[in-house]
Amino acid sequence: MPMPDMSWPDERSVSHVRDSFSLISLRPPRPILALSAGAAGLAAGPAQARPPMWFFDNYGAQGRQLEGITWGLLLLSVAVVAIITLLVAVGLVLRARRGGALRDDRDAVRRRDETGAMTAIYFGLGLTTAVLIAFTVWTMDTLANVRVPPAEPAFTIEVTGRQWWWQVRYIDPQNPERDFQTANEIHVPVGRPVKLLLKSDDVIHTFWVPALGGKTDMIPGQTNTAWLLADKPGIYRGQCNEYCGLQHANMAFRVFADPPAEFDAWWEAQRQPAPEPRSPLTSAGQDVFVKNCGVCHTVRGTIEKAQYGPDLTHLAARSTLGAGIIPNNEGYLSGWISNPQGIKPGVKMPAIPLSGSDFTALRAYLATLE
Amino acid sequence: MSDDPFIRTPATGPVTPELQDRLEKIWETEPGLFGWLGTVDHKTIGIRYLVTAFVFLLLGGLEALAMRIQLSGADLNVLTPEQYNELFSLHGITMIFLYALPVLSGFSNYMFPLLLGSRDMAFPRLNAFSYWVYLASGLFIYSSFLAGALPNNGWFNFAPYSLREYNPGMNMDFYALGMIFLGISTTVGSINFVITLLRTRAPGMSLNRLPIMVWGTTTVSIGNLLALPAVTVAFFMLWMDRTFGTHFFDVSGGGKPLLWQHLFWIFAHPWVYVIVLPAMGIVSDGLPVFARQPLVGYTLVVLGTITTMMLGFGVWVHHMFVTGISTMSLSFFSGASFIITIPSAVAVFSWIATIWLGRPVITTAFLYFASFIVMFVIGGVSGVVTASAAADLQLHGTYFVVAHIHYVLIGINLFGVLGGLYLWFPKMTGRMMGEGLGKAAFWVTFFGFNLAFLPMHWTGLLGMPRRIYTYPEGAGWTTVNVISTVGSFILAAGLAMVALNVVQGLRRGRAAGENPWDAPTLEWAIPSPPPPYNFAVIPVIASRHPLWEERLDEGTGRSSLYHGLLLDRGKETILTTMLDAEPDKIAKMPEDSLWPLITTIVLTFGFSGMLFQMWWLTGLSVAALLGCILLWLWPQRSLEQTARPTHE
Amino acid sequence: MSDVAPQDKVVRDDEPDEIIDFRRLRVGSVGKGSSGYSGMVALIATEASLFGYLLFSYYYMAFQLGPEWVIELPGFKLSGPNTAILIASSGAVWFAERAAKRGQRMRVLAGLGSAILLGLIFIGIQWKEWADKSFTPATDSYGSIFFVTTGFHMAHVVIGVLVLAALFLWTAMGLFSSERHAPIGIGALYWHFVDVVWLGVFFTFYITPRLGI
């Protein structure tokens, strides 16, 4: 079965990504609210990619729990609106009259027996109350189900929201020497729950991967706990959901759900520091990096403890740049380095003017950061 | 007995031309600039509120249209991120604070004394003051345009982004101080409505005979008095953090960002009921006029109004479902948010029952009122969906919520207001608005609104977050956004047609007469437009629908509309007891006065001093303010506040 | 709007069978029946809410940050007597109001004057207490909430003193009588409110930390 994929930007241009990747649609979302042409667009043919932030047909254990009650509420809503609209429309059809001047319409005002009408009102109220109580109970049940993961999380990912990117730290509670830091891309093992510690370094952000589960705020001064459990391999989009300033719109990230063996291999690879440059070009590139980028960016093995910007130790293995907004390929990377403000105006990374040869060397060096 | 000048038996009599002339001279606004600046006539003040509120509606609408253009395609660059963020912030502030309540205050201000059978509000000078402060604070906030420093953190203004560390410009200071400033207007306005309701009703207008709009406005005014200080405290703390380095919200000093959210939402959730309950009241009073049937279930609707406001204080945490609170908190506030649906649903059933029992005549006003029911329910059910904390974990912060808020704000507030406009335009101006254009404008507005906002439910399900200035092509959000943009422009066109309808009505509408709709309540018993004194004689009320009494045969006895208290020895009206409206006291009403305006100007200087940190200016203004209040409240002989009576 | 034909003015009369027999009614601002008094009640409701929210903020922070958050436990040495002074001033105001009802002008002035004096003493002592604190509003969140809450209260006391001073002036000018003295009752209500708020503030800041909250 092809892997569910909800990713973009267009992956075909990203050469290093796995081949098992394709843009195939899955079972289309139930056209519940076919109220707009948007629904027609979604229900169209199979060559269409699923909207990445669609959260029904969920791929996470938590997200699936939330699906049921959300559908129920939406169905209830449609039913209620339909009933009320019908009552108003039919009432008008049955009772309305051609308007004359109301001034002369005096006889229409007369005493009418309201008993039947009052009974109807009480009935409506009673029905409303019963339905609402049912949904309250359903809600509480769902909340209890999503409070903790179905199994003990094997490890923890601490994500710190920062304007406008994601600082990620993998923590192995059993073996602290396995801990490592990365940014803007998260990998999780399929079928194994992961604990999330959510923090913020500056303002309030929100961690949200709709295809896997609900969202949780990242609030400075406190640590919020959440959990993730991906059921199926795939690439899932996340985006910040609390207005956090100028580039809130461009603060996204990707979650890769890998089969467990692949995930373990990924962890091992990410733990390693960057390899020493082998060629004169990459060596020169490393010098350029240290001089121009090392103030903000850590590359373990080259520069440590630079905390202003994302950790770039394994930059070349990342699928996107700029916090999930552009693909990580040569063209975009060059564009990002030379003119980040043009892509993400207001981003805290300044444009660094480099000579042509420096630039080539730097790119070569960065390409070694697998 | 007749020796005591402070006590007299008030004279009663019929309405005569001589009485009307005499009262006109006593009550009319002073001529010239003094009268224009110093009037205390609630009708003039009401119209000023309405006009100013509609201007802010226009400004907020233009802001929205700019945003919709930016969002009509992926990765557009029509607006810079900064511009978009400022626009969405100002749009929210304008609509929620500078339009939504003031427009309802405008109607209430104009209508309260007319609905209650009184000659003016309880505090006429305070009334004028509340308008001037509203205008001044609105201008204060909008002057941020001149400084190029518009509020840029939404209307909800979460900390820490609002602190100086992340927001060093004056943007937040304009907003914080402007809101405290505006809060003064809202507070004194609320006090005025409450006391007017409790004390100045006509004899016989017991509480169970009040129009629902009066119940609605009074209920939310009491709610205001209790809720507004939360946001005043919050903005004051924010301003202190930004200006004097206190640490209410800043984490490094032991502050708590969530304190802002609690204080803000403790205010802002009741606020959303404040801006819809009076509109629901307008519908509860207006629908029966055209349905030719009194509101079915009056008592239930009144209880529902009050209960909704009270419960509204207990649900604020549903705005904070994803902040990491305990499951118990989630359950409690989710349950409370579900429960609050019940008292608000009462009105829906009541309106439907009224239509079914009556014989509706479909006028433009009725179209607004009837469609209101459907849109109220759409807004209500999307609220029910997000009331479930489980569903909200996905839906929070998405366009689903945007759809919800616009259905309740436009569908309830604006459509109620437009219905009220068509209902009361004849009374306020003496002219009728054209029905043909009115109905056409309604359909365009209705269609445009639904085209813009109904798809947004879908947009939210597709996962589009709020408050983003752009989105990528592959997100699947483009088509729905285009549709919403098209709808928003159609909505704008519809509202432009309404405006045209108003202008044409003013110029060429045919004469309305006293009661063109054959409506039941008191305001339709006096000329259109009403004379400055409202009622030539204070009526005595015997039922809920004085002008339909004979036909409905409800209640004991008949109201006396044209034979009653003259109260013509100066500017006078009657004060009655709280529950049963028995005559209690003759109140003397103040003349036109410039103190409200002068005090407003002093306050403006004071707040400007705080904005620019010119403390000497603030200090001077405080001193001047105290002087103004002293002189304003100085006991006046003419108001019978001093030991020497006016009539000896 | 002005060129609409004015509705003809004619005599209109319901000629009701029975009309309320209007007994003699009082005219103008009279005591607790005056709309001004009701207005003050409403104002007090909203100001009480304001203090309610300030105290809510204190309790929220205390609950979140624990007992160590109170960097310096506020003492009773100055605040105790100060509380007594404020309560006494309410007594003086009550005395003045009672005298006003009986038209005893000198007693009214004595009562108001004493209240003003006591109010000023309260302000002075509290100012000293502020100056003695080891922290400022900008030290941390405890300092901030302490000074802002007691500051708001202080501002209300200052306004209250000014209100009493205005009442003193108007009484001295002979504007009031036993029949007409509504402002005194209204001002008295405000002053009592300020006193009650102090009790709430005092309890929250000075007593609850000692109760282990």
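# Close-up views of a predicted three-chain model

**View 1. Parallel pairing of β4 and β10 in chain A.** Strand β4(A) and strand β10 (residues 252–258) of chain A run parallel and are joined by five bridges. One of the paired positions is A:E185, whose bridge partner in β10(A) is A:R254. Helix α4 (residues 260–271) of chain A packs on the sheet, where it touches β4 and β10 of chain A. The direction of this helix makes about 135° with that of β4(A). The model shown here and in the other views is predicted.

**View 2. The open three-stranded sheet of chain A.** The strand order is β4-β10-β9 (chain A), and the pairing is mixed. At the edges stand β4 (185–189) and β9 (234–239) of chain A, each of which pairs on one side only. From one strand to the next, the twist averages 25°. Strands of a sheet pair through backbone hydrogen bonds, in either the parallel or the antiparallel sense.

**View 3. The open three-stranded sheet of chain B.** Here the order is β2-β4-β3 (chain B), and the pairing is antiparallel. The edge strands β2 (12–14) and β3 (538–540) of chain B each have a single partner strand, so one side of each is left without a neighbour in the sheet. Direction ignored, neighbouring strands of this sheet are turned by 50° against each other on average. Three bridges connect β2(B) with strand β4 (residues 560–565) of chain B, in the antiparallel sense. Within this pair, B:T12 has B:L565 of β4(B) as its bridge partner.

View 4. Strand β6 (residues 583–588) of chain B and β1(C) run parallel and are joined by two bridges. B:K585 has C:R26 of β1(C) as its bridge partner. Among the elements of chain C, this strand, β1 (residues 25–27), has the lowest mean pLDDT, 82. The highest, 96, belongs to helix α4 (residues 141–172) of chain C.

**View 5. The contact between chains B and C.** Chain C contributes 59 residues and chain B 71 residues. On the side of chain C that touches chain B, the elements giving two or more residues are β1, α1 (35–65), α4 and α5 (182–207) of chain C. The most comes from α1(C), with 16 residues. By residue class, the side of chain C that touches chain B has 33 nonpolar, 15 polar and eleven charged residues.

**View 6. The contact between chains A and B.** Chain B contributes 91 residues to this contact and chain A 86 residues. Helix α12 (residues 341–357) of chain B provides the largest share of the side of chain B that touches chain A, with twelve residues. That side of chain B divides into 57 nonpolar, 26 polar and eight charged residues.

**View 7. Chain B on its own.** The chain has 20 helices and six strands. Along the principal axes, the C-alpha trace of chain B spans about 80 × 65 × 50 Å. Of the 648 residues in chain B, 67% are buried. Among contacts in chain B between residues at least 6 apart in sequence, 79% join residues at least 24 apart.

**View 8. Chain C on its own.** Five helices and one strand make up the elements of chain C, in the sequence pattern β-α-α-α-α-α. Chain C has a radius of gyration of 24 Å, well over the 17 Å that the globule rule gives for 213 residues, so the chain is more spread out than a compact globule. The C-alpha atoms of chain C fill a box of roughly 80 × 50 × 35 Å along the principal axes. Buried residues account for 39% of the 213 residues in chain C. Of the contacts in chain C with a separation of 6 or more, 81% involve residues 24 or more positions apart.

**View 9. Confidence in chain C and in the complex.** The mean pLDDT of chain C is 90, and 92% of the residues score at least 70. Residues 1–5 of chain C have a pLDDT below 50; beyond near neighbours in sequence, this stretch has eight contacts in the model. For the complex, the predictor gives an ipTM of 0.93 and a pTM of 0.93.

Terms used: Residues are numbered from 1 along each chain as its sequence is written. Chains are lettered from A and ligands numbered from 1 in the order in which they are written. This is a predicted model: local features need pLDDT of at least 70, side-chain atom pairs count only at pLDDT 80 or more; totals for chains, interfaces and linings use all residues. Helices (H or I, at least four residues) and strands (E, at least two) are DSSP runs, numbered from the N terminus. The radius of gyration is taken over C-alpha atoms; the globule rule is 2.2 Å times the number of residues to the power 0.38. A residue is buried if 20 or more other C-beta atoms lie within 10 Å of its own, exposed if 12 or fewer, and partly exposed in between; C-beta atoms are placed from the backbone. Two residues are in contact if their C-beta atoms, placed from the backbone, lie within 7 Å. Ala, Val, Leu, Ile, Met, Phe, Trp, Tyr, Cys and Pro count as nonpolar, Asp, Glu, Lys and Arg as charged, and the others, Gly among them, as polar. Two strands pair if DSSP finds at least two bridges between them. Axes are lines fitted to C-alpha atoms, for helices over the stretch in contact, and angles run from 0 to 180 degrees between N-to-C directions. pLDDT is the predictor's confidence in each residue, from 0 to 100.
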